[in-house]
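Trainee: I would like to learn how to read charged side chains in a model. Could you take me through some cases?

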Amino acid sequence: MNPHPSNRRTWLCAAASAAALCALAPAQAQTYPTKPIKMVVPFAAGGATDVLARVIGEKMAAGLGQPVIIDNKPGAAGIIGTDAVAKAAPDGYTIVLSLSNSLMTNQFLYEKLPYDAQRDLTLVYQIAMAPLVLVVHPSVPAKTGPELLKYVSANKGKVAYGSYGVGAYPHLAGAHMSLTQQADMNHVAYKGEAPMLQDLIGGQIQMAYASALVAKPHIEAGKLKAIGVTGERRMSTLPDVPTLAEQGLKDEAYRVTGWLAIAVPAKTPKPIVQRLADEVRKATQQPDVQAKVAAMGFEIKDSSPEAFAAAYKQERPVWERLIKQSGAKLE
């Protein structure tokens, strides 16, 4: 039976509209980009994330044929800048380069978040892993991970560890160590990595997880002692420091690492997402970029939108468990 003429017209119009929309995405991708791209960094200028964004952005601009403008929007542990991108037009002209806290862990940490990382953002590319080095004050009589576990266990309530924020990896990993060793360690949260390490060098706290970029000079000067690094592989910038997993600390808390990645607003056309991912990959394959990233203590990741989504899905329950275990909660 043929549809009523008026219904048929409605159906044909709807079909034509759908076809036009389907044709629009490839057409957009073919002409994209036609104007500068804004790369939001949800942290202050001069930090590691900002430095990486400028290195990657410069290379992407050459490949895309349009400037990539870095826009620093710091505040609230990356929430302000990430939220701005989540609410931007899904056209590929506003992207975010951020850390795993604003793209992953904040969803478990904050009572209310203005964006839903999984609903409001599309993952593009995981640029680099950001392992940390576990360092102690020279007065701590431990040289390895197992020795440190014994020490904190034997000195219940006497060991303090630092972090650069409640819910940040150094807090979660320290809380895990304290809980599993029944060490009752004291957590001291700082407003940044620099003041945390100053107090560690001064002996006000006994241990902390820190970036290689900041900790390496103090390790080399003998002001700090490196126990081990997080993640699955040694850092190229600290090749003689074994991973904690190598030393027998195989809990997931010591094996996960933070990361740096690019995301775009949800509903950004797939061809545009792929074009951005291709350009980021090309940028990270260049020797000068790899050298700069390694010097920062990061490990380049060979990624894609699909690989990033799979890694995210695998890590998500791990971070959720660690945050729940730590008892960390923010408003």
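Predicted model: local features only at pLDDT ≥ 70, side-chain atom pairs only at ≥ 80, totals over all residues.

Trainee: What is the general idea behind a salt bridge, and how many does a search of the whole structure find?

Mentor: Side chains of opposite charge can pair when their charged atoms come close. Here the search gives twelve salt bridges.

Trainee: Which residue forms a salt bridge with Lys282?

Mentor: The partner is Glu279, with the closest N and O atoms 3.2 Å apart. Both residues belong to helix H11 (residues 270–284), and three residues, about one turn of the helix, separate them.

Trainee: Is Glu279 buried or exposed?

Mentor: Glu279 has a relative accessible area of 5%, so it is buried, the cut-off being under 20%. Lys282 has 48% and therefore counts as partly exposed.

Trainee: Where does Arg281, in helix H11, find its partner?

Mentor: Arg281 forms a salt bridge with Asp302, at 2.8 Å from N to O. This pair links distant parts of the chain: Asp302 sits in the loop between strand E11 (299–300) and helix H13 (305–326), 21 residues apart from Arg281. As for accessibility, Arg281 is partly exposed at 35%, while Asp302 is exposed at 51%.

Trainee: Why does Asp71 count as buried?

Mentor: Asp71 counts as buried because its relative accessibility is 19%, and the class takes values under 20%. Lys38, at 32%, counts as partly exposed.

Trainee: Now the histidine. Where is His171 found, and is it buried or exposed?

Mentor: His171 is in helix H7 (residues 169–180). Its relative accessible area is 7%, so His171 is buried.

Trainee: What is His171 in contact with, leaving aside its neighbours within four places in sequence?

Mentor: With those neighbours set aside, the contacts of His171 are Tyr161, Ser163, Gly165, Val166, His187, Ser326 and Ala328.

How values were computed:
Residues numbered from 1 in each chain as written. Heavy atoms only, no water. Salt bridge = Lys/Arg side-chain N within 4 Å of Asp/Glu carboxyl O. Buried < 20%, exposed > 50% of the residue type's maximum accessible area, 1.4 Å probe, protein only. Helix = DSSP H or I, 4+ residues; strand = E, 2+ residues; numbered from the N terminus. Contact = heavy atoms within 4.5 Å.
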